[in-house]
Amino acid sequence: MDEPTIDRATYDELKGTAGAEFVAARLQELAARHPGRLALEAVGRSVEGREIQLLTLGRGPRRVMLWSQMHGDEPSATPALLDLVATLLSADAPEQRLIPDRLTLLLVPVMSLWLDISPLNALLANLGLLAFFFVYAIAFTWAFDRVFG
């Protein structure tokens with residue numbers, strides 16, 4: 001690959017206190033390095049006025065949307081998404097070049113930043129859902145056993 005994968009410092013930045021500006025700068029850097037092959041556009045604004053960035057790779061008829069960190073507490077997803085882009089842009093093997101030829105990939109890295117959800121709020125939301133479904137599963141199982149058991 002002619003581009004390095006995400007290094008440890010970048011991973012730590014994404015895992016920790018990454019802001020929308022950090023991610024936007026990385027996306028702009030990628031798009032500038034590959035004009036014509038990679039497009040970056042603002043597709044909307046968040047509640048706090050941040051531009052929601054969409055990265056488009058490929059020119060195929062089938063569209064596939066990929067995003068990372070919708071819940072905020074999934075830090076390895078964004079480096080993986082950016083590594084996927086770097087790999088496809090530097091593909092030497094014919095089978096790797098088939099992906100951008102047959103698909104149009106629409107990518108939204110670190111979706112939680114564009115949605116203005118902090119990692120702490122995302123974690124709390126996930127814990128709330130976990131608690132709800134835990135209680136629901138116990139109540140459902142108990143009721144099911146009472147009715148059919």
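I looked up F133 to begin with: F133 is partly exposed, at a relative accessible area of 49% (buried is under 20%, exposed over 50%, partly exposed in between, with a 1.4 Å probe and protein chains only). This is a predicted model, where local features need pLDDT of at least 70, side-chain atom pairs count only at pLDDT 80 or more, and totals for chains, interfaces and linings use all residues. Residues are numbered from 1 along each chain as its sequence is written, and side-chain values use heavy atoms, with hydrogens and water left out.

Next I checked the ring pairs (Phe, Tyr or Trp, the last by its six-membered ring, with centres within 6.5 Å; planes under 30 degrees apart are stacked, over 60 edge-to-face, the rest tilted). I got five aromatic pairs. F132 and F133 make an edge-to-face one, 5.0 Å centre to centre with 75° between the planes.

F144 and F148 have ring centres 4.9 Å apart and planes at 45°, so I noted this pair as tilted. Both sit in helix α6 (residues 119-148), four residues apart, about one turn of the helix (a helix is a DSSP run of H or I, at least four residues, numbered from the N terminus). F144 is partly exposed at 42% relative accessible area, while F148 is exposed at 64%.

Which residues do ring pairs link into a cluster? I found F132, F133, Y136, F140, F144 and F148.

G36, R37, L38, A39, T56, L57, G58, R59, R97, P100 and D101 line the largest pocket.

Note on methods:
1 Å grid on protein atoms, 1.4 Å probe; cavity = no way out; pocket = protein on both sides within 12 Å on 5 of 7 lines; lining within 4 Å. Helix = DSSP H or I, 4+ residues; strand = E, 2+ residues; numbered from the N terminus.
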